[in-house]
Amino acid sequence: MLITHDTRCALDTVVDLVNTAPEDDTTDGLANLAALLDFVRNHNMSDVGTLSELDLSAVRRIRGRFAAVFAAPDARTAASLINELVAAAGTTPRLTNHDSYDWHVHYFAPGASVADHLAADCGMALAFFVVAGEQERLRRCEAPDCRRAFVDLSRNRSRRYCDSRTCGNRLHVAAYRARRKEAAG
């Protein structure tokens with residue numbers, strides 16, 4: 001599956017957005033307007049005007065809807081959720097080249113709110129996976145104490161953890177220690 005630069009940026013953004021949601025006893029990564037401003041800045045989102053508390057509420061709402069896409073049991077459910085997100089954003093695909101990036105497509109309308117911007121661009125990035133029959137690549141970490149979202153871009157669709165250096169390694173070390181303990185009797 002060919003993933004263009006702008007699609008990859010949108011995928012990274014939607015994964016990071018979903019992962020800002022509080023899980024169990026963790027804090028909300030979008031706890032306040034300053035956190036939303038940091039999120040927008042860190043993801044180099046273009047065409048975002050002045051943000052308000054209304055924007056923060058709207059982004060939190062679509063974050064939950066994107067989380068539902070990652071939890072969707074099948075492509076039909078994912079497609080329905082994505083269609084709702086993209087339709088509500090009032091997409092207006094347009095070609096653009098800005099900030100030293102070559103031509104690419106923005107799906108959000110000029111002057112769109114940050115929530116509509118995210119819904120349109122990130123929704124379309126996820127839609128490409130459903131269209132390609134790759135919806136199962138939209139996953140949650142399999143570590144028991146982690147449910148972070150990620151997109152499995154491995155060649156054989158075998159990635160199980162959000163980060164092999166942390167979650168994957170921690171589980172492998174625990175399994176190794178359990179085997180050694182059992183062997184020691």
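Where is asparagine 44 found? Asparagine 44 lies in the loop between α2 and α3, where helices (H or I, at least four residues) and strands (E, at least two) are DSSP runs numbered from the N terminus. The model is a predicted one, in which local features need pLDDT of at least 70 and side-chain atom pairs count only at pLDDT 80 or more, while totals for chains, interfaces and linings use all residues. Residues are numbered from 1 along each chain as its sequence is written, and side-chain values use heavy atoms, with hydrogens and water left out.

The chain contains 6 helices and 4 strands, arranged along the sequence as α-α-α-α-β-β-α-β-β-α. Along the principal axes, the C-alpha atoms fill a box of roughly 65 × 35 × 35 Å. The accessible surface is about 10,600 Å², and 51% of that surface belongs to carbon and sulfur atoms; areas come from the Shrake-Rupley method with a 1.4 Å probe, and for residues only the protein chains shown count as cover. Of the 185 residues, 39% count as buried (under 20% relative accessible area; exposed is over 50% and partly exposed in between, with a 1.4 Å probe and protein chains only). Contacts (heavy atoms within 4.5 Å) between residues at least 6 apart in sequence join residues at least 24 apart in 52% of cases.

Two packed helices are described by the angle between their axes and the distance between the axes. Axes here are lines fitted to C-alpha atoms, for helices over the stretch in contact, and angles run from 0 to 180 degrees between N-to-C directions. Helix α3 (residues 53–71) and helix α5 (residues 114–131) have axes that come within 9 Å and cross at roughly 15°. The two helices α3 and α5 are therefore roughly parallel (angles under 35 degrees; over 145 is roughly antiparallel, 65 to 115 roughly perpendicular and the rest oblique). On the α3 side, the contact includes Asp55, Ala58, Val59, Ile62 and Phe66, and on the α5 side its residues include Val114, Ala115, Leu118 and Cys122. By class, this contact of α3 with α5 has 12 nonpolar, 1 polar and 1 charged residues (Ala, Val, Leu, Ile, Met, Phe, Trp, Tyr, Cys and Pro are nonpolar, Asp, Glu, Lys and Arg charged, and the others, Gly among them, polar).

Helix α5 also meets α1, with axes that come within 9 Å and cross at roughly 105°. The helices α1 and α5 are therefore roughly perpendicular to each other. Thr7, Ala10, Leu11, Thr13, Val14 and Leu17 of α1 touch Leu118, Asp121, Cys122, Ala125, Leu126, Phe128 and Phe129 of α5. The classes in the contact of α1 with α5 are 10 nonpolar, 2 polar and 1 charged residues.

Histidine 117 is also part of α5. With a relative accessible area of 5%, histidine 117 is buried. Leaving aside residues up to four places away in sequence, histidine 117 touches Met45, Ser46, Val48, Phe108, Ala112 and Cys122.

The loop between α2 and α3 holds asparagine 44 and also aspartate 47. Asparagine 44 has a phi near 50°, a positive value in a residue other than glycine, and is exposed at 60% relative accessibility. Aspartate 47, likewise not a glycine, has a positive phi of about 60° and is partly exposed at 44%.

Aspartate 25 is placed in the loop between α1 (5–18) and α2 (33–42) and is exposed, with a relative accessible area of 73%.
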